[in-house]
Amino acid sequence: MKNNKILLGYCVPYAFLAMYGDVQYGSMLLYALMIVCMGLLCRSCIKAKKLGVLLLGNVCSFAVCAVCILLFAGERWSWYFKPLLPYSMLLFVSVIALVLQLLIYQASTHKTSS
């Protein structure tokens, strides 16, 4: 049951919301909120020792964000993230978030196994 709650938490489109805040309000604050929320989800995966849930959760998050961009991103988004397109920016943000989470996961499992 806990795995389902973690996966549900990953289905919130954090990257999309951060990008939306950037486009609409010119604020980077939602990127920080995205990092905090995904960090908490990563911490839950570490406690449960579920690397698969972390990976699947990030795939789900990316998919939900891609659908949100498809549905809600307007014409303004196509020039705002130049030289990247909205989907390229989403991929960039998602990969950075995944790499950070994997580094944290690896560091915490290495620390506990030593």
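L98 lies in helix α6, where helices (H or I, at least four residues) are DSSP runs numbered from the N terminus. With a relative accessible area of 25%, L98 is partly exposed, a class that falls between buried (under 20% relative accessible area) and exposed (over 50%), computed with a 1.4 Å probe and protein chains only. Not counting residues up to four places away in sequence, L98 touches L54, L55 and N58, contact being defined as heavy atoms within 4.5 Å. Along the chain, L98 and K111 are 13 residues apart, and their C-alpha atoms are separated by 20 Å.

The model is predicted, so local features need pLDDT of at least 70 and side-chain atom pairs count only at pLDDT 80 or more, whereas totals for chains, interfaces and linings use all residues. Residues are numbered from 1 along each chain as its sequence is written, and side-chain values use heavy atoms, with hydrogens and water left out.

## Helices α2 and α4

The expected span of a helix is 1.5 Å times one less than its number of residues. For helix α2 (residues 14–25), the 12 residues should therefore span 16 Å, and the end C-alpha atoms are 16 Å apart, which agrees. For helix α4 (residues 51–72), the 22 residues should span 32 Å, and the end C-alpha atoms are 31 Å apart, which also agrees.

The buried residues of α2 are Y14, A15, F16, A18, M19, G21, D22 and V23. After α2 comes G26, whose phi is positive, near 65 degrees. In α4, the buried residues are V53, L54, G57, N58, S61, C65, A66, C68 and I69; of these, L54 and N58 are among the residues that L98 touches.

Three helix pairs are set out below, with axes taken as lines fitted to C-alpha atoms, for helices over the stretch in contact, and with angles running from 0 to 180 degrees between N-to-C directions.

| Helix pair | Axis distance | Crossing angle |
|---|---|---|
| α1 (residues 2–10) and α3 (residues 29–48) | within 10 Å | roughly 160 degrees |
| α1 and α4 | 8 Å | about 35 degrees |
| α3 and α4 | within 9 Å | roughly 150 degrees |

The α3 and α4 pair is therefore roughly antiparallel, the term for angles over 145 degrees, while angles under 35 count as roughly parallel, 65 to 115 as roughly perpendicular and the rest as oblique. In this pair, M38, C42 and C45 of α3 meet V53, L54, N58 and S61 of α4. By class, that contact of α3 with α4 has five nonpolar, two polar and no charged residues, where Ala, Val, Leu, Ile, Met, Phe, Trp, Tyr, Cys and Pro count as nonpolar, Asp, Glu, Lys and Arg as charged, and the others, Gly among them, as polar.

Helices α1 and α3 are likewise roughly antiparallel to each other. Their contact is made by I6, G9 and Y10 of α1 together with M38, L41, C42, S44 and C45 of α3, and its residues divide into six nonpolar, two polar and no charged.

Where α1 packs on α4, at an angle of about 35 degrees, the contact is made by N3, I6, L7 and Y10 of α1 and by V53, L54, L56, G57, N58 and S61 of α4. These residues divide into six nonpolar, four polar and no charged.

## Individual residues

N3, in helix α1, counts as partly exposed at 26% relative accessibility. Leaving aside its neighbours within four places in sequence, N3 is in contact with K50 and V53. The C-alpha atoms of N3 and S44 are separated by 9.1 Å, although the two residues are 41 residues apart along the chain.

M34, in helix α3, counts as buried at 7% relative accessibility. Beyond its neighbours within four places in sequence, M34 is in contact with Y14, A15, A18 and V93, and of these Y14, A15 and A18 are among the buried residues of α2.

## Backbone features in the loops

Most residues other than glycine have a negative phi, and most peptide bonds are trans. K49, in the loop between α3 and α4, has a positive phi of about 55 degrees although it is not a glycine, and K49 is exposed, with a relative accessible area of 67%. The peptide bond from K82 to P83 is cis, with omega near 5 degrees, and P83 is found in the loop between α5 (75–80) and α6 (86–113).

Terms used. Helices (H or I, at least four residues) and strands (E, at least two) are DSSP runs, numbered from the N terminus.
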